[in-house]
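Here are my notes for someone opening this structure for the first time. Have the model up beside you and go through the points in order.

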Amino acid sequence: MSSSKEAQALTRSEFWDDRYAKADGDKPTHEWFRAFDALEPFFEKHLFSVRGAEGKGQRVLHLGSGDSTVPYDLLERGYTNQLCIDFSTVVVDCMKSQHTDKPQVEWKVGDVRDMTGIDTKSVDIAFDKGTLDAMIYGSPWSPPEEVLENSGRYINEVLRVLKDDGVFLYITYRQPHFIKPILNRANEWDLGMEVMGDGDSFEYFGFVLKKHISAAN
């Protein structure tokens with residue numbers, strides 16, 4: 001498979017079903033480039049300290065969660081109202097079976113580009129680590145039409161399900177000058193960003209997006 005074809009395959013549930021079916025037992029094998037320990041300072045700054053104790057009961061939506069441990073790391077810190085959505089039936093079934101004793105983290109099969117099962121303005125915190133990145137391939141200066149369509153549908157759905165005072169936390173390794181036009185193509189968001197990394201590895205980026213007043217109304 002060529003690199004372009006492989007990148008396109010990341011947008012297909014069949015690719016991920018096959019990949020997750022080859023996972024090594026109960027060990028997560030698909031943590032997208034950063035685990036919770038690396039992200040904890042970002043969560044501390046933009047979630048824990050901002051929303052405080054009352055935030056622990058708010059609805060947290062993990063977008064394209066795969067078999068990441070982040071939902072259960074948050075559960076250990078008291079976040080008891082979480083929903084994970086992924087279009088891979090294989091990984092959803094796997095995570096459900098592994099964590100039957102933790103109903104505070106709910107799992108659903110669904111496409112982040114069409115989240116019909118999630119009510120409008122029902123989510124307090126949306127989190128993405130690598131899901132939008134997996135939709136992007138081709139020239140970063142002139143993305144293919146499929147990239148623009150998939151990412152546009154996705155962003156519109158996040159806007160729809162997020163409450164007006166909600167926050168969208170997005171972790172990416174893509175360069176900000178290429179990702180910002182995809183994230184905020186119609187000025188839907190008030191957008192903040194910070195450079196992340198420990199100095200011993202490549203830089204990556206944490207975006208904090210809140211609905212722009214005109215988008216919220």
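**Notes on the predicted model**

1. Let's start with the overall make-up. The protein chain has nine helices and seven strands, where helices (H or I, at least four residues) and strands (E, at least two) are DSSP runs numbered from the N terminus. Keep in mind that this is a predicted model, in which local features need pLDDT of at least 70 and side-chain atom pairs count only at pLDDT 80 or more, while totals for chains, interfaces and linings use all residues. Residues are numbered from 1 along each chain as its sequence is written, and side-chain values use heavy atoms, with hydrogens and water left out.

2. Next, burial and surface. Of the 217 residues in the protein chain, 47% are buried (under 20% relative accessible area; exposed is over 50%, partly exposed in between, with a 1.4 Å probe and protein chains only). The accessible surface comes to about 10,400 Å², and carbon and sulfur atoms hold 50% of that (Shrake-Rupley method, 1.4 Å probe; for residues, only the protein chains shown count as cover).

3. How much of the contact count comes from residues 24 or more positions apart? They account for 69% of the contacts with a separation of 6 or more, a contact being heavy atoms within 4.5 Å.

4. Have a look at helix 8 (residues 176-183), where Pro176, Ile179, Ile182 and Leu183 are buried. Seen down the helix axis, the buried residues fall within an arc of 130 degrees, so they line one face of helix 8 (the arc is that of the directions from the axis to the C-beta atoms). As background, an α-helix has 3.6 residues a turn, so residues three or four places apart point the same way. The partners that the buried residues of helix 8 pack against are helix 6 (131-134), helix 7 (145-161), strand 5 (162-172), strand 6 (189-196) and strand 7 (204-211).

5. Leucine 63 deserves a click. Leaving aside neighbours within four places in sequence, leucine 63 is in contact with residues including Ile85, Val112, Met115, Tyr154, Val158 and Phe168.

6. On to the rings: there are nine aromatic pairs (Phe, Tyr and Trp rings, the last by its six-membered ring, with centres within 6.5 Å; planes under 30 degrees apart are stacked, over 60 edge-to-face, the rest tilted). Phenylalanine 36 and phenylalanine 43 are stacked, at 5.6 Å centre to centre and 20 degrees between the planes. Phenylalanine 168 and tryptophan 189 make a tilted pair, at 5.6 Å and 45 degrees. Phenylalanine 168 sits in strand 5 and tryptophan 189 in strand 6, so this pair ties together parts 21 residues apart in sequence. Ring pairs also link Phe36, Phe42, Phe43, Phe48, Tyr79 and Phe127 into a cluster.
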